[in-house]
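Here are my notes for your first look at this entry. Please read them beside the structure.

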Amino acid sequence: MEKTGIPGKAVKRPVLRKAMTHPYLVLAFRIYIGSLFVYASMYKINYASEFAETIASYQLVPYWAVNLLALVMPWMELICGLFLVIGFRTKSAAATIAGLLALFSAAVAISLFRDLPIGCGCFHALGEQMSWKTLLRDLVWLGMAVHVYLFDSALQVEKRFALAIRDI
Amino acid sequence: MQSNASQLKSAPDPEQKTRLELDRKVFFLETLLETSRELNGLIQPRRIMDAFLLMTMGSLGAADGLVLLFNTRSRHAHLVHRGIPPAEAEHIEQNIWSIYELYYTEERPSGPSTSMPKLITHDSLPEYSPLPGRMEAMIIWDIDQEYSGLVGLGKKISGEPFEEDDYSLLLNLGNVLVSALAHALFTKNIEHLNADLYKKNVGLKESLGQAERARRDLQRKVHHLKSLYELTAELSPLIDSDQLLESFLLTVMGTFGVSRGFALVCERTARRVRMVSRGPARQPHMSADEADRLLYRCLDSAENRALEPMTVTRLNDPELLFEQIMPGAAVQTAIMLVIDRSHMSLVGLGPTLSGLPLSGEDEELLRAQAAGFMVFLKNARSFEAVQCLNQELSEANQELRQTIADLTEARHTIKVLEKAKATLKSIVQREADRIGRVSLLDFSLILLAALVLGFSFNLANPNGIPILPKSMLIAPVAGIDAADARRLQEAGLAVIVDARPPEIYSQEHIADAVNVPATLFEIVFKMKLARLLTPQTTVVVYGRNISKRYDELVAYQLLARDHEQVRILTEGMDSWKRQGFPVRP
């Protein structure tokens, strides 16, 4: 806790911090981000070729790696999303998702700078045109993922298991 | 004698004098002979003394006299007197030992010799004397060391004094007395010695008898001990109860000369009977119930029914007792051995070879042998028990060893399991510790899972996509540089195809290039390109970026339509533009 010298603020900050890091809030973020990625992965898994096109449209990935990425990335999203929802390996899952979101955000930002006329392809190949809003949304999600990474503690499957293990 | 003496004195005639002298001597000798003869037949000292006094007083004509005999060893004294008033006699008797002391103060001669009598005349008598004062003559003597005596004579009846002849006669008479007394005392002594000897003989005979009895006892005891020793030597190496029983029976039968007999041992708790018998009336094995009944009957006729452990008791009326069970055995002697309340033994012996019954001593020996046998039997039982215990112990040991082996194996298993558990625990704990952390392993696992799932799903999916681009797998399409392409285009021999998506095409493209996007190839080819192409026309395709090689995709499709003259513009639109060839818009 940082001392400000102002009595009122000294009390206020921990309350805000407490509210922001409340386990249920973090849980809500976690489930939201997890569900989002599960949902997003569904389409990409089913329509790999379209997703490959989307990747290619960003013009950031070497041509030989496009299909590879199109096959692997949706599954990573699905796995990490599921992990976040059920609370298993949440730290790693949140870190992975944060990493992916950071990549997406960077890709969107680069595309926006390049002024590429493409859709973001986040959920559907024929999605809306990419815009600064898209970048902002991705950044918000990235923030949530980082938040989950930092503060998640509630309803973790492993925790109970770990407690049981420590008793042995 | 007095008349003779007076005649001797008064006779002046020498012849007569000589005759008188001779007469006197004859008289002396006759007196001596008479006295000697008188005393000779007597053996009682008192009677000798009495006769002597009478004879002496008579021959010497003394009015009174006394004889004293002292026994210095037994302090007994005999007094014989004549002519002394009773009061005086009593006085003498009372002072008898002071008289002795008065006359016998001098040292007595040592040895068994008898001293000659000593004459004390009236003149040499002491003034004071416990004897009556009128004593005229006295003789004292010693007979060996034990006896002493004195003779005292009073005045003569005639009143005359004692003369030399009188003294001489008295001394001679004293000699006779001493001889007679010595003889009598000697005889008496011999008699005593004879009596002692006889007594001692009787005692010796008794002792001999006793010695004989003792010898016989000793012999018997030696025989007993020898028998016992033989039995012990016979039984000691045996440890088996059956062998003990048989050996005992044979030894006992041999000891007493018995031709038939039996012995049985009954362990009532174990319901076991061991029986051996010898002789004509050999009996088969006996059951436990029979043995029980027999034991009860025996107990009924036992002399001692106390049933104390380790005791032997005699059975009365053995022939009748064993007649029913062992007919013809003719058991004469039977004993019951009580080792303890549940363990008893019976021994029965038939008649001896000599036909005589067993004596008390023999029975005693039998009891001793039986007692020894009981000890051996008990030891054998203990040994058997110890063996049994040893057997059990060794079995228990075996089990214990097995158990230890099992335990060792189990411990080994437990160790292995513990190790496995520790390994598992460490793995699990490591995993548990990893929960709260981000690890590279997690990422690797997620990536691996995604790879496997993605590839698997793609393989199974009918709309699957190739993992690598087609151009990486088949031969590349031939290229053409921008100058050649321009020349051919100007000569009308080439058609330039822009393979990129329409929106990019619309941003900038080579002048006169036909837009044939790879995704819309079929439609656009039919609508636009098919008309422009002849078999000789070269199709120059361009359009690629880092992520997509549109030109190659379209070129492959054209080649697939058997159009051979398909080239890819080397370095794409950039080289075209560098050459300064026209682009649109």
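1. Start with the contacts in chain B that have a separation of 6 or more: residues 24 or more positions apart account for 62% of them. Contact means heavy atoms within 4.5 Å.

2. A word on the source. This is a predicted model, where local features need pLDDT of at least 70, side-chain atom pairs count only at pLDDT 80 or more, and totals for chains, interfaces and linings use all residues. Residues are numbered from 1 along each chain as its sequence is written, chains are lettered from A and ligands numbered from 1 in the order in which they are written, and side-chain values use heavy atoms, leaving out hydrogens and water.

3. Chain B has 16 helices and 17 strands. Both are DSSP runs, numbered from the N terminus: helices are H or I with at least four residues, strands are E with at least two.

4. Chain B has 585 residues, and 40% of them count as buried. Buried means under 20% relative accessible area, with exposed over 50% and partly exposed in between (1.4 Å probe, protein chains only).

5. Look at Leu358(B). It sits in the loop between β10 (343–349) and α10 (360–435). Leu358(B) is buried, because its relative accessible area is 14%. Beyond residues up to four places away in sequence, Leu358(B) touches Phe256(B), Thr333(B), Leu349(B), Thr352(B) and Glu363(B). Thr333(B) is 25 residues from Leu358(B) in sequence, and their C-alpha atoms are 7.6 Å apart.

6. Now turn to Glu267(B), in strand β6 (residues 261–267). Glu267(B) counts as buried because its relative accessibility is 9%. Leaving aside neighbours within four places in sequence, its contacts include Arg272(B), Arg274(B) and Arg381(B).
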